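Please look over the model below before reading my notes.

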Amino acid sequence: MLPTLGIQLLVENALKHNVASLENPVKIIITADHEKIAVANTITEKPLNVKSNGVGLQNLKERYDYHGHTSPTIYQSEGFFFVCLPYIKQKTKKA
């Protein structure tokens, strides 16, 4: 399980916080393994006049806290912005 609309939020953030052009497109790469889904995007120039209060990533972290799970890993490396969303394991019900 993942927080509802978690991947969509990351794709929207990638498009909101970068300028895409034919010469310099924003590339978004989504991968999955048995522990997590990773969303990476290229970092291009920042758009002008984009209002951001930073609630998107904070909201995602809070949803992980709510489920009592490790927060997403967020970092930048080699021209990419990465967010790794660990799967949220369902709690087993006690009999």
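Predicted model: local features only at pLDDT ≥ 70, side-chain atom pairs only at ≥ 80, totals over all residues.

1. Two strands pair if DSSP finds at least two bridges between them. Strands (E, at least two residues) and helices (H or I, at least four) are DSSP runs, numbered from the N terminus. Strand 2 and strand 4 run antiparallel, joined by seven bridges.

2. Residues are numbered from 1 along each chain as its sequence is written.

3. Strand 1 (residues 28-32) is also antiparallel to strand 2, with five bridges. I29 faces A40 of strand 2. The two strands form a hairpin, with three residues between them.

4. Six of the seven residues of strand 2 are buried (under 20% relative accessible area, 1.4 Å probe, protein chains only).

5. Now the largest pocket. On a 1 Å grid over the protein atoms alone, a pocket is an open set of points where a 1.4 Å probe fits, with protein on both sides within 12 Å along at least five of seven lines. Its volume, the space filled by probe spheres set on the points, is about 420 Å³.

6. The lining of the largest pocket (residues with an atom within 4 Å of a point) has 20 residues. N13, A14, H17, L57 and F81 lie nearest the centre. Helix 1 (6-16), strand 2 (36-42), helix 2 (55-66) and strand 4 (80-86) each supply at least two lining residues. Helix 1 gives the most, five.

Technical notes
Heavy atoms only, no water. Buried < 20%, exposed > 50% of the residue type's maximum accessible area, 1.4 Å probe, protein only.
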